[in-house]
Amino acid sequence: MASISFRGLAKHFGGVVAVKDFTLDVPDGELLVLVGPSGCGKTTTLRMLAGLEAPTAGEIWLGEREIARLPARERNIAMVFQNYALYPHMSVAENVGFALRLAGVKRDEVARRVLKAAEMMGIGGLLERRPRELSGGQRQRVAVCRAIVRDPQAFLFDEPLSNLDAKLRMSARAEIRRLQQRLGVTTVYVTHDQVEAMTLADRMVVMHDGCIQQVGRPLDIYARPANTFVAGFIGSPPLNLLPVSLSATLGLPQQLLTMGSEVATIGVRPESISLRASDLRRPLHLTAQLELVEALGAESLLHLRLGEWPLLARVPGTVSVSAGDTLALAMDGSALCFFGNDGQRIDDSDLQLSLAQTHNASVVRPATGN
Amino acid sequence: MTLGTPWRAVGHLVLVLLCLSMVVPLLVALGMAFKPPNEVYSLVPWPQAPTLDNFRRLFEQVPFHLYLWNSVATTALRVGGQIVIAVLCAYAFARWEFPGREWLFGAVLGAMMVPHTLTMIPIYMMIAELQWFDTWRALVIPNLAMPFAVFLLRQHFRSFPRELFDAAEMDGAGHWRALWLVVLPNLKPVLSALAIILFIDCWNEYFWPLLVTDAPESRTVQIGIREFLEADHNDFGGLMAGVTLASLPALAVFFVFQRKVMDTFVASGIK
Amino acid sequence: MTATATPLGTAAPLPLRGRQWPLAPFLYLAPMIVLLAVFTYWPLLHTIYLSFVQWNMNPDQPMRWVGAANYSGIFNSPLFDAAFRNTLIYIVASIPLKVLLPIPIAIFVWTLATRGQVYRALLFLPTLFSFTVVAVVFLWLLNPIGGHFVQVARLLGGQWPNVLTDPDLAIWTILLISTWKVIGFNTLLYVAGLASINRDYVEAMRLDGASDWSLVRHLLWPLLTPTTLFVLISTVIFAIQQVFTPIDIMTEGGPQNGTTNLFYMVYQYAFRTFNVGFGAAGTVIIFAFLLAITLIKMRTLDRHVQYQQ
């Protein structure tokens, strides 16, 4: 068990900067998720932590040791790979026990620990099989088992669920969460899937172009994204980003344009829009053209058009509307986000307050506040 | 693809004749090895009264046992060395990025293009200077570098998942241990095929041993056959006995590993 | 908002010092590289140098620079005329026998699929035996006194000529023997080439109504061109280098230089008469010859080579 600290970690590949000045503290026992689109630097950062990639600059601290220049095998870190990387010529038991045998642990001790870890992962019956005889889900479990048997100071996961089908992914996700909580080992987890990130992370790091865009708890990031990139990345479906010129159409007061800092973009949560008829409490009124309805049973996604701008609304249940209709909608003003010209979110409590005051209907402040 | 009956018959006929022409001379030779002198001119390939006398004469005329031993020892040394050096080389290219990698790789494969004719005279001169004549060194060392083996291995490394190197590293295996514990066990088929190809190549070699060995005790088995031919060019029985002995190891090695050679050739795809 | 870090005892982060590239790969490569440098690349250069000197392998005798005298010496020698002529015969005659003839045989074997196992094993047989063994066996079969060919000819009422002592026939004898040695292997190379053709192509053509002959002409032949080229090159090299063995064992270049080739000529110069300069020059000539053939091949044939997508 140990905490991890990154200090100014950077990686250059020839002329390309993959990771820029990554600085972060990860307390002992936390499950930290690095999330972002392909090429954002999350995997490179993970590999530098693992010791598979040499940093161009910076330090990495694991507990009391600075490990950035140590070879991977001296770091006492275990990793689960995207394609599992199971040794094809070894049985499951040999795969799991490999690291222990290399470290010189006695045979019976190895067998004992392997059995214990295998039972924890539910693969006790597969110990004599070869990797090629296993299903994708089983292989993934073996890969995780191989990591936990070593009792390392940290776990690293490199998109371990991306090769599983959707259903398996959900159950595997929950299992990993439970496992980590049970073992209490500091974990760094990389994924491009923001749903995975949201559900797994104690804290989340959103990355883009080699930089940290935002660090925080998932729900905090969700409620208050730091910039338009994070806003557009997190959330399924993600935030609607509209230009401030539409503020009138959205039913927002003119003062927005003149108040405090310059507002350039308005962020609207899909679930904060509903059909006016069904939600009388929502104070902001607007109308839009319906282009497409995706009925999912428990909810419906309405693809709308506000003039020439697309707008996505998420409403509960099934609605009786059809493409081409002009819909009367209502919006929750307190859930709006405002972004400046530089893309950064404007954290202006005055703005929110005045929004609340300009409307007749009372606005229920969300519990998280501003 | 199926063929019409007349074509099929012709095809089979041609192939049967062809294969017969391959087999018959070899059978004749084999039979001759066991024929007593009075049957040597008989057209019947197999002996009526088989005898081991030809073998006896073979070993009396020339130190054939020495020839066999020389071939065994030098072939084992050479093939072993070639494989080890080629594996180390292919591993380095597969696992690491380093400056000059592409260039060095080109230099290694490019050496395949240099025909032996072009290098043999200076190498011969080197052997003279080092006084390696009649020693195993002359037969083994100049031939230890086998770029062809590197080429074959590289094809197989290409399909080797790179993540396994990372996993081995994380599990605590440095590059050396990873080579032994993770890489080599997965290379068994291609290594067997390579061993057979290199073995046959070395065992059957004629030109180079002819050049660098002179003393009777240091000849290899192929040259040994020639020695016997020169010693007594009428003893065809003895000659065929020598030929039989000289061919046994290659045949044995092949029949044991036959499948693997064929598969590897097909798998690596002839360009 | 990045988390502000409390330093754990150090100041600003230092850039990495020390080696950027690992040392290990060079250690692994060292044996191969050293061996290639010493036994392939340096000798290559040295040979070219030697082709311009005169020396007789005697360490007490110095080398004498003679410029292009070795080359002119070789070109003017009757041995060269014979060697060059024979080399051309070996190569040109080898093409239909060793490069083209195996193709229809291979196609047939390929159509047999697994039923052709026996054929394939038998075809490979001559490859396993050394050329020495092959030469010796045929030496017996062709023996003018009691060899099988002679006896069979006698039985049929004819006469079998002494092929190895006839200056005109000897070279064809050796040619046919070398064909015997190699035709099986080349056939299997073609079979391998055919095996790598994607079945989908065959099926697509069949659906388009192609007959057997069309299939061969429009699909198999074009897709076999890479293999054909490979076989061609190795046959040329074979005709120069590997035929040394039967030549040495059966005729030693004779009779009257009837079977010698460029390589055998070089051998005689360098290692029989110890004329290093001639030997080296001869080697360079062979190399230039091969290079010329390769260039011709590139100009004419490479354009037609087809690869599968």
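Modeller: Start with Leu156(A). Setting aside neighbours within four places in sequence, Leu156(A) is in contact with Leu46(A), Leu49(A), Ala50(A), Ile77(A), Met79(A) and Val188(A). Contact here means that the C-beta atoms of two residues, placed from the backbone, lie within 7 Å. This is a predicted model: local features need pLDDT of at least 70, side-chain atom pairs count only at pLDDT 80 or more, and totals for chains, interfaces and linings use all residues. Residues are numbered from 1 along each chain as its sequence is written, while chains are lettered from A and ligands numbered from 1 in the order in which they are written.

Leu156(A) belongs to the largest nonpolar core, which has 259 residues. Such a core is a set of buried Ala, Val, Leu, Ile, Met, Phe, Trp, Tyr and Cys residues joined through C-beta atoms within 7 Å. Buried means 20 or more other C-beta atoms within 10 Å of the residue's own; 12 or fewer is exposed, and in between is partly exposed. Leu156(A) is among the members that touch the most others, along with Val33(A), Cys145(A), Val205(A), Cys89(B) and Val136(C). The largest share, 13 residues, comes from helix H8 (residues 170-195) of chain C. Helices (H or I, at least four residues) and strands (E, at least two) are DSSP runs, numbered from the N terminus.

Now chain A. Its two parts are domain 1 (4-228) and domain 2 (237-357), with bounds from an automatic or database domain assignment. The core draws at least three residues from each of these domains. Their centres, taken over C-alpha atoms, are separated by 38 Å. Between them, 5 residues of domain 1 of chain A are in contact with 7 residues of domain 2 of chain A.

Chain B has 13 helices and 0 strands. Of its 271 residues, 43% are buried. Among contacts in chain B between residues at least 6 apart in sequence, 74% join residues at least 24 apart.

Last, the contact between chains B and C. Chain B gives 62 residues and chain C gives 68 residues. On the chain B side, the elements giving two or more residues include helix H1 (5-33), helix H3 (64-95) and helix H13 (236-268). That side divides into 50 nonpolar, 10 polar and 2 charged residues. Nonpolar covers Ala, Val, Leu, Ile, Met, Phe, Trp, Tyr, Cys and Pro; charged covers Asp, Glu, Lys and Arg; the others, Gly among them, are polar.
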